[in-house]
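Hi everyone, thanks for coming. Let's look at the structure together, and I'll point out a few spots as we go.

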Amino acid sequence: MAPNNWHLPWEQYVETLKPHERPMMPGSPATPDHSWPTRIMYAVTGLMVATVGSLGNGAITANVQNLQGSLGITVTEAAWLPVVFVMTNACMNLILVKFRMQYGLRLFTQIFLGAFVLVCAAHLFVDNYQSTLLVRAIAGMAGAGLSSLGFLYLIQAFPAAHRLKGLIIGIGLTSFAVPIARLIMPGLLQLGDWRAFYLYELGMCLIAWGAVQVVKLPPSEKMRVFDRLDFVTFALFAPGVALLCAVLGLGRIVWWTEAPWLGWAMIGAIVLLTAAFVVEYNRANPLINIRWLTGADMLRLFGAILLIRMVLSEQTSGAVGFLTVVGLGPDQLMGLFGVILAAMVAGTAVSAFTLNMEKLNKPIAIALGLIAIGAFMDSHSTLLTRPAQLYVSQALIAFASAMFIGPALMQGVVKVLTQGKQNLISFIVMFSVLQNVGGLAGSALTGSLQIIREKFHSNQLAADITSMDPQVVLRLRQLSGAYSSTITDPALLNAEGAALLSRQVTQQANVLAYNDVFLIISMLAAIGCVWVTITHLRPRWKAKRDAQRAAQQAPDSSAVASAVD
């Protein structure tokens with residue numbers, strides 16, 4: 001589907017466009033006034049492409065223990081599967097934007113969608129851990145391209161006055177992957193284990209590829225933008241981010257102080273990233289504008305993004321981990337993730353259709369407040385808590401997670417438009433890195449705090465258990481009674497009872513630890529809410545003070561004028 005004038009050279013084609021139809025920058029497609037049927041086709045294609053790009057990683061993240069059993073690997077090896085996706089995905093935007101600028105959208109689309117089709121097909125033939133790890137790394141790179149492609153399609157679906165809504169919806173779609181995967185994976189795994197999911201993903205990818213071939217994006221301007229130092233920066237920045245992701249993703253599993261390679265990896269990340277920033281700081285046309293990114297406004301924005309990504313781990317890691325501890329499986333969590341998905345859809349819609357460019361801090365503060373309320377509600381969980389008791393709290397957190405992304409992105413876009421479009425790449429790179437690294441940091445924080453607090457509560461509970469306590473003796477008899485029909489040895493029967501009691505103590509300690517984690521996250525979110533609110537209100541307070549000062553000075557000036565007369 002391409003109008004007759006799309007084949008024209010760019011210089012001639014751009015003359016046929018109205019001012020609002022021209023692209024914002026090279027590498028971005030033109031945005032002509034499409035008919036409504038055409039807009040619907042762009043919307044459907046964009047939704048499909050963006051969802052397919054993140055669905056595979058969502059499925060791995062949500063079912064990593066199942067995949068561990070399927071591949072016959074250890075917990076540490078399984079943890080590398082989602083981490084390696086983030087390692088390659090986090091830094092690809094460093095070159096993707098310039099690639100579009102120099103080589104055009106068509107080649108960009110063919111390479112990344114074609115690569116993703118190959119990755120999905122490769123999953124069908126992968127039967128060992130090493131190959132799966134390589135496929136996940138390639139999927140991370142291809143997924144970054146598909147996310148960008150989905151944004152570009154969704155922007156075409158909206159008229160000029162509402163185009164930013166397409167951008168917000170596009171970026172919000174990336175967070176839908178995990179709840180969608182949680183909903184579809186149990187059924188697919190029952191049909192044919194992981195091979196059934198790989199077939200499903202491949203089918204979706206082929207449909208998206210066919211839709212992209214039919215519903216083509218408008219032309220874009222191409223220009224030479226790559227510089228030799230860009231590749232030097234990428235060669236330093238990419239492995240530095242990868243090492244940082246490895247530390248954050250594996251630290252709580254191999255434990256921070258027990259694995260020497262974590263320290264060396266962190267040193268390597270610091271050295272490589274510092275070298276990349278030094279190179280960029282001294283460039284006339286930097287790929288990453290360090291001076292602009294370290295401005296006060298940008299640092300506050302990045303701090304808010306990182307904070308929210310970290311506290312959102314309450315849902316992705318905390319709530320799921322808690323429900324697993326109390327003995328629930330994936331099939332029993334489908335209702336909860338249905339609620340979470342519905343709340344995310346609602347949050348994305350509210351974020352897109354209530355966007356106020358003058359009050360971008362307001363929805364971020366509201367999101368942090370909702371997270372604080374939801375996490376506080378979860379901090380009162382018990383062994384008897386089930387998904388139904390978490391519907392309200394998790395819906396609040398899911399709504400907030402979708403609501404904050406759009407305004408946070410728009411704050412950066414406003415800075416780019418007002419302070420120079422050449423900073424767009426810098427902002428996109430840092431936004432992507434913070435989204436990915438913030439998610440890993442949040443999971444690392446949640447998991448580490450839970451382990452530390454579980455040890456504390458286990459010691460506290462075990463200290464109160466003594467064989468001299470009649471209640472403890474009675475409880476041991478009750479627990480060992482389950483084996484009395486099969487075990488006749490009194491000593492062995494008592495040992496089984498003690499083992500069961502120990503497991504119950506550990507389970508209770510885990511519940512108490514998760515409650516502590518939820519409470520800490522609630523406090524962090526509340527502090528963040530106050531901070532962002534003060535940031536939002538400070539300009540208004542300053543304007544009010546200035547107005548009062550001007551009003552006080554006006555009578556004095558009038559008095560002086562009267563005296564002179």
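Let's start at Asp-227, which is partly exposed, because its relative accessible area is 36%. Do keep in mind that this is a predicted model.

Now, which residue does Asp-227 meet in a salt bridge? The partner is Arg-283, with an N to O distance of 3.5 Å. Arg-283 sits in the loop between α11 and α12, while Asp-227 sits in the loop between α9 and α10, so this pair ties together parts that are 56 residues apart in sequence.

Is Arg-283 buried or exposed? Arg-283 has a relative accessible area of 10%, and the cut-off for buried is under 20%, so Arg-283 counts as buried.

Arg-283 also meets the side chain of Asp-230 in a salt bridge, this time at 2.8 Å, N to O. Here Asp-230 belongs to helix α10 and Arg-283 to the loop between α11 and α12, so parts 53 residues apart in sequence are tied together.

Asp-230 forms a salt bridge with Lys-98 too, and their closest N and O atoms are 2.8 Å apart. That pair links distant parts of the chain: Lys-98 is in helix α5, Asp-230 is in helix α10, and 132 residues separate them. Both Asp-230 and Lys-98 are buried.

Put together, Lys-98, Asp-227, Asp-230, Glu-280 and Arg-283 are linked in a network of salt bridges. The structure holds six salt bridges.

Next, have a look at Trp-255, in the loop between α10 and α11. Trp-255 is not a glycine, yet its phi is positive, about 70°. With a relative accessible area of 23%, Trp-255 is partly exposed.

On to the surface. Which residues form a nonpolar patch there? They are Tyr-103, Leu-107 and Ile-111, which together have about 250 Å² of accessible area. Leu-107 lies in helix α6 and is partly exposed, at 33% relative accessible area.

Finally, let's visit the second largest pocket, which holds about 510 Å³ of space. Its lining has 21 residues, and the closest to the centre are Asp-297, Asn-361, Gln-411, Lys-415 and Thr-535. Helices α13, α17 and α20 each give two or more residues to that lining. Which element gives the most? That is α20, with seven residues. Sorted by class, the lining has nine nonpolar, five polar and seven charged residues.

That's my tour, and I'm happy to take questions!

Notes
Residues are numbered from 1 along each chain as its sequence is written. This is a predicted model: local features need pLDDT of at least 70, side-chain atom pairs count only at pLDDT 80 or more; totals for chains, interfaces and linings use all residues. Side-chain values use heavy atoms; hydrogens and water are left out. On a 1 Å grid over the protein atoms alone, a cavity is a set of points where a 1.4 Å probe fits but cannot get out, and a pocket is an open set with protein on both sides within 12 Å along at least five of seven lines; lining residues have an atom within 4 Å of a point. Grid points are joined across faces, edges and corners, and a volume is the space filled by probe spheres set on the points. Helices (H or I, at least four residues) and strands (E, at least two) are DSSP runs, numbered from the N terminus. Ala, Val, Leu, Ile, Met, Phe, Trp, Tyr, Cys and Pro count as nonpolar, Asp, Glu, Lys and Arg as charged, and the others, Gly among them, as polar. Patches are made of residues with over 30% relative accessible area and no salt bridge: like charges are joined within 9 Å, nonpolar side chains (Val, Leu, Ile, Met, Phe, Trp, Tyr) within 5 Å. Accessible areas come from the Shrake-Rupley method with a 1.4 Å probe; for residues, only the protein chains shown count as cover. A salt bridge is a side-chain nitrogen of Lys or Arg within 4 Å of a carboxyl oxygen of Asp or Glu. Buried means under 20% relative accessible area, exposed over 50%, partly exposed in between (1.4 Å probe, protein chains only).
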